[in-house]
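Me: Got a model open here and I'd like to walk through it. Can you take my questions as they come?
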Amino acid sequence: MRWRWGIPFIVVLAMLLTILPVHAAVINEGGADPIWIAVNDELLTFPDAQPELHDGVTYAPVRFVAEAMHANLQWVPGTNITQVYKNGRHVTFDTPHSVVKTDDGTNHEVPLYIQNDRLMAPTRLLSEGLGYTVSYLESGPITRIKDSTAKRSDEELASIYQDRIDQEKAKWEEEHKPPQPPPVPEPPKPDKVVYLTFDDGPNEYTARILDTLKSAGVTATFFVLGPQIQSHQDLAKRMVEDGYSVGLHGMTHDSSKIYRSAQTVVNEMEDCNTILTNVTGLRSAIMRVPYGSKPWMPQNYRDATVNAGYHMWDWNVDSYDSKSATRTAQETYGEVTRQVPGKKEAVILMHDKKTTADALPNIIQWLKDNGYSFERIYGSTPPVNFWNDAR
Ligand SMILES: [Zn+2]
């Protein structure tokens, strides 16, 4: 059965392949290169539409090339057909059908197009159709159309017009330079950044902290404890929904339990993360260990938490807001505003507690007044920690 269908298919395919390239013949206007045209010993000048080289084919305004050859040109009335004739020879340009007819009876199917109201057609078809010979001079390049009246050799012609071509080419290149992409402005890099961080929540003071952050329009990072997430699930959800960063602070906050081994640290963070994910859907990649990482997190401990996928954060400004039970809001404010100046990147340690919530509006205002922009900590943020461990 196969051969009976195979032959007709091949015939149809061959027909398609014959037809398709004709209809697909389209001039790519962006892909043109400049070219110069000489008729006999004279390099032509074109007042508007300029000759172009498209994939090795020279296109030029038919009218001016015809005039230079002292040929006659006429429009066939009522059509888009142009005829050029000289010494009994004719070349017909059928623009609607993209066909050039020559006296030998050939219909040349080529793209024809209009530029600056000029009919643009392949120079070679026009010239050879009227009995001229055509040569292509690399230097220029020049398409040279000549008959027996030409006196100069191709080399002489190229050398005579070299300077003019160089000048015109420079001008052409200037006009056809690819547009320079506008310089991409560097996003203005804030020269001073602050990370507000709050540990040990969420708890009964967290809502007020969140309210203050929201009304001030600033962001922050919360290092949360697993059991606190369990008992204040709405607050944990609100942290995530309002776009704050949430990091892990472990489960027990008990140094005798957490730091028993590298694995116990990892376990605390993993357990905390599981609770966080169950409650909020978020899985965190940042952690802060209770009491700070020095001396608690030697190399092998850090290796273990890095291997578990965590970036470890400490701080470089300690608000001392949990230094004692009698710590006042004013003291917390004083500590922050004493330590922050001079720091390009301030990571402020605070806690979810009443006096801190009291001090927060003034702290934020002071940071704004001193040119700080507020960022939150992402997993991709280069970590600040006491070991200068950049992992
Ligand atoms: Zn803590």
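Predicted model: local features only at pLDDT ≥ 70, side-chain atom pairs only at ≥ 80, totals over all residues.

Me: Is Thr 95 buried or exposed?
Reply: Its relative accessibility is 19%, so Thr 95 counts as buried. Buried means under 20% relative accessible area, exposed over 50%, and partly exposed in between (1.4 Å probe, protein chains only).

Me: What does the side chain of Thr 95 reach?
Reply: The backbone oxygen of Asn 80, at 3.2 Å.

Me: Zooming out, how is the chain divided into domains?
Reply: Into domain 1 (32–166) and domain 2 (193–374). Those bounds come from an automatic or database domain assignment. The C-alpha centres of the two domains lie 78 Å apart.

Me: Take strand β15. How many of its residues are buried?
Reply: Seven of the seven, residues 193–199, so β15 is largely enclosed by the rest of the structure. Both faces are covered. Val 193, Tyr 195, Thr 197 and Asp 199 are on one side, with Val 194, Leu 196 and Phe 198 on the other.

Me: Which strands does β15 pair with?
Reply: Pairing needs at least two DSSP bridges between two strands. β15 pairs in the parallel sense with β21 (residues 345–351) over seven bridges.

Me: What stands opposite Val 194?
Reply: Ala 346 in β21, and Phe 374 in β22. For Phe 198, the bridge partner in β16 is Phe 222.

Me: What do β15, α6 and β16 make?
Reply: A right-handed β-α-β unit, with α6 covering residues 206–216. Right-handed means that, with the strands pointing away from the viewer, the path from the first strand over the helix to the second runs clockwise.

Me: Which residues of α6 are buried?
Reply: Thr 206, Ile 209, Leu 210, Thr 212 and Leu 213. Seen down the axis of α6, they fall within an arc of 160°, so they line one face of the helix. The arc is that of the directions from the helix axis to the C-beta atoms. On the other side of α6, Lys 214 and Ser 215 are exposed.

Me: And what do those buried residues of α6 pack against?
Reply: β15, β16, α8 (233–241), β21 and α13 (354–369).

Me: What follows α6?
Reply: Gly 217, with a positive phi near 70°.

Me: New topic. What is the strand order in the open sheet of four strands?
Reply: β3-β2-β14-β13, with mixed pairing. β3 (42–43) and β13 (133–137) stand at the edges with a single partner strand each, so one side of each has no neighbour in the sheet. β2 (residues 36–39) pairs with β3 in the antiparallel sense over two bridges. There, Ala 38 stands opposite Leu 43.

How values were computed: Residues numbered from 1 in each chain as written. Heavy atoms only, no water. Polar contact = N/O pair within 3.5 Å; in protein donor to acceptor, adjacent residues only side chain to side chain. Contact = heavy atoms within 4.5 Å.
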